[in-house]
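Okay, thanks for making time, everyone. Let me put the thing on the screen, and then I'll walk you through some local geometry.

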Amino acid sequence: MTTQSNEPSGLSRRAILRGTAAAGIGAAALGAGTPASADPRAVDEDTRVPRRRGDTMIGVPFEKRANPRFALIGLGNRGASMLPLFLAVPGAKVTALCDVDPARVAEAAKVVTDAGQPEPARFSGSEHAFEQLLAREDIDLVYIATPWEWHHPMGIAAMKAGKHVGLETPFATTIKELWDLVDTSEQTRRHCIQLENCNYGRNELRALRVVHAGKFGEVLQGSGAYVHDLRELLFSKTYYAGQWRRAWHTKVNGDLYPTHGLGPVAAYMDINRGDRLVSITSTSTPARGLAEYRAAHMPPGDPTFGETYVKGDTTTSLIRTEKGRVIHLVHNVSSPHPYSRLNHIIGTKGTFEDYTPRVYLEPEHTDHKWRNWDDYKSFDHWLWTDVGPGPGGHGGMDYIMLWRLNQCMQLGLPPDIDVYDSAAWSAPFPLSAKSIGRKASTVDIPDFTRGKWTVPHPGTDSPKPS
């Protein structure tokens, strides 16, 4: 296919970036330097529940498609690594690719044809190339792996073009954007889901099944995190195109990556399936790690010395649920620390800690000594016993996630994770920043389900289809 680069009217990349800044992505709006006397109506405006724009998407099945057709927008580190996993899923077809860099698109197209699939349509060389991709009719779901400020406008455009959407994390960066995604999903009847998550890991799914078996008793507390030393990558001149990810550390002091830790705990607590997130209180340490790394590793006169980092090294949040349960959430990418998502559950009958996994459950255990998590292999989810890790991706969870998505589309099932889950998991991004900017005040989390969080429906512990 010829690379297409003409520019129709519509969204401009520069306009999007200007618009997101004006809408509140900058430091003043999201809490990097928000004074305690800032207008509190900003929080009220963000967390109000707008009227429903369409019927709920809870439990709405995909239309059946024997061979689901996927398009990928964004072929950098994440998108390029996910492409082979899409191609490995039985029955999945990759029909279109898009990136601002034509070389990336060409390399990705070769990956598709080397896998034995027809050459995909290619779009590049323009800020508007993704709009041309969305005009195609041979696409069922668009996977978007672009810098964060693009998730919202691209997701909205894709749904309005009749496509289902899978978005990388975070789902969006402001509460208004999250509501826009929910409203547009309901209006267009297209699913919009968080398609980078840690809910499909072996330990996470096993823990979920142990929870649902009642082994933990009543689950009262959980912990999740994204603790990942990214200092070298954040200062790389090539890893993040235009070094976009480090720029967020100059604008927002909050939990910039809440979904990896929050998603699994939300599943354990049946969030949006009988309980919901109601408020968040956040604090942050001083911002030291990136400046110290820069001083030790960047050459004198490097442009990064003109940057001021406002994102505290560690952001800690406490989220309260409607049932009074507590979720402890942590974010840190600026300190020397082995990778961890915490993944910790406490119930009335026992507890589980991941990394190194261990468990203690009464009445089976009575001596206050940790037990081996492998003793509970019999609780492994059917996705792991029947499908396995496949070609990998975060230990296999990425492949399992795509395999299950493809299965839901083939069989005409609702997705395990819906737009309401996705919005709730990313709400701590802007709301933690608001809490920090207001001296750790408590901020309400909106109910994106508009009252339907009490409705039981399947999640990632969905039964195996017959």
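Before anything else, a definition: buried means under 20% relative accessible area, exposed means over 50%, and partly exposed is in between, with a 1.4 Å probe and protein chains only. Also, helices (H or I, at least four residues) and strands (E, at least two) are DSSP runs, numbered from the N terminus.

Bookkeeping next. This is a predicted model, where local features need pLDDT of at least 70 and side-chain atom pairs count only at pLDDT 80 or more, while totals for chains, interfaces and linings use all residues. Residues are numbered from 1 along each chain as its sequence is written, and side-chain values use heavy atoms, with hydrogens and water left out.

The big picture, quickly. We've got 17 helices and 15 strands, and of the 466 residues in the protein, 58% are buried. For contacts, read heavy atoms within 4.5 Å. Take the contacts between residues at least 6 apart in sequence: 77% of those join residues at least 24 apart.

Let's zoom in on helix α4, residues 77-88. Which residues of α4 are buried? That would be R78, G79, M82, L83, L85, F86 and L87. The cover over them includes β1, β2 (93-98), α5 (102-114), β4 (141-144) and α15.

Now the α15 part of that. Two packed helices are described by the angle between their axes and the distance between the axes. Axes here are lines fitted to C-alpha atoms, for helices over the stretch in contact, and angles run from 0 to 180 degrees between N-to-C directions. For α4 against α15 (residues 397-411), you get an angle of about 55° and axes 9 Å apart. That makes the two helices oblique; the cut-offs are under 35 degrees for roughly parallel, over 145 for roughly antiparallel, 65 to 115 for roughly perpendicular, and oblique for the rest. On the α4 side the contact uses R78, M82, L85, F86 and A88, and on the α15 side D398, Y399, M401 and L402. By class, that contact has seven nonpolar, no polar and two charged residues. The classes: Ala, Val, Leu, Ile, Met, Phe, Trp, Tyr, Cys and Pro are nonpolar, Asp, Glu, Lys and Arg are charged, and the others, Gly among them, are polar.

Keep F86 in mind for the aromatics. Rings of Phe, Tyr and Trp (its six-membered ring) pair if their centres lie within 6.5 Å; planes under 30 degrees apart are stacked, over 60 edge-to-face, and the rest tilted. The whole structure has 19 aromatic pairs. One of them is F70 with F86, a tilted pair at 5.1 Å centre to centre and 50° between the planes. F70 is in strand β1 (residues 69-73) and F86 in helix α4, 16 residues apart. F70 is buried at 2% relative accessibility, and F86 is buried at 1%.

Between β1 and α4 there's a loop, and G74 lies in it. At 6% relative accessibility, G74 is buried as well. Not counting residues up to four places away in sequence, G74 touches G79, C98, D99, A145 and T146.

A424, W425 and S426 of α16 meet P428, F429 and P430 of α17.

Most residues other than glycine have a negative phi, and most peptide bonds are trans. Where are the cis peptide bonds I'd point to? One joins T169 and P170, with omega about -5°, and another joins Y355 and T356, with omega about -15°. P170 is in the loop between β5 (164-167) and α8 (175-188). For positive phi, Q243 has about 55° and D270 is near 55°. Q243 is buried at 18%, whereas D270 is partly exposed at 27%.
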